[in-house]
Amino acid sequence: MKPRKASRVVLLNERDEVLLIRAQDLLTPSHQWWMTCGGGSELGESAAQTAARELAEETGIECEPHELIGPLATRDEVFDFTEKSLRQVETYFAFRTTEDIELEDAVWTDIEKRSLLEFRWWTREELLATTETIYPRNLLGLIDLATAGSVPEVPLVID
């Protein structure tokens, strides 16, 4: 299975809340999860370029790749989506914003329009208390790195 390269962004506001997106599998709508902003790389893009582009496309928040915090971590995951098994190699960055999310500025693909259900800011306490599925499972550790401004010399490997 050929891996798809992707980048994801741990987007934090001034209260250290993280923006997560609730998504669903198109063929099994009851299969839902929360995830960070991000998506697949386009030909020739660096991981940071992908992260900055995806952040702008999904939230309307624009930044330059060098303004991202990271890379913080990588994740190599195989998952099922719309009856296909996919392998995705993700690079995680963080970004701090004081801007409001302007979803009317977002540029979503057709599949995103059908699979992305809701955006919301989560507090650390809400993340600790929830029983909902959140990816990556190590999100709190990434939030801790970002809020401390601590970028590892070598990105962490997470699941």
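Select Cys63. Cys63 is buried, at a relative accessible area of 12%. Buried means under 20% relative accessible area, exposed over 50%, and partly exposed in between (1.4 Å probe, protein chains only).

A word on the model: it is predicted, so local features need pLDDT of at least 70 and side-chain atom pairs count only at pLDDT 80 or more, while totals for chains, interfaces and linings use all residues. Residues are numbered from 1 along each chain as its sequence is written, and side-chain values use heavy atoms, with hydrogens and water left out.

Now select Cys37. Cys37 is buried too, at 0% relative accessibility. How many disulfides are there? The count is zero, where a disulfide is a pair of cysteine sulfur atoms within 2.5 Å.

Next, the salt bridges. A salt bridge is a side-chain nitrogen of Lys or Arg within 4 Å of a carboxyl oxygen of Asp or Glu. The whole structure has 13 of them.

Select Asp16 and Arg96. Their side chains form a salt bridge, 2.4 Å from N to O. Asp16 sits in the loop between strand S1 (4-12) and S2, and Arg96 in strand S6 (residues 84-96), so the pair ties together parts that are 80 residues apart in sequence. Helices (H or I, at least four residues) and strands (E, at least two) are DSSP runs, numbered from the N terminus. Asp16 is partly exposed at 33%, and Arg96 is partly exposed at 34%.

Move to Arg53. Arg53 counts as buried, at 16% relative accessibility. Glu42 is in the loop between strand S4 (37-40) and H1, Arg53 is in helix H1, and the two are 11 residues apart. Glu42 is partly exposed, at 44%.

Glu57 forms a salt bridge with Arg53, with the closest N and O atoms 3.2 Å apart. Why about one helical turn between them? Because Arg53 and Glu57 are four residues apart in helix H1. Salt bridges that share partners join Glu42, Glu45, Arg53, Glu54 and Glu57 into one network.

Last stop: His31. His31 lies in the loop between strand S2 (18-24) and strand S3 (32-35). His31 is partly exposed, at 38% relative accessibility. His31 and Thr133 are 102 residues apart in sequence and 9.7 Å apart in space, C-alpha to C-alpha.
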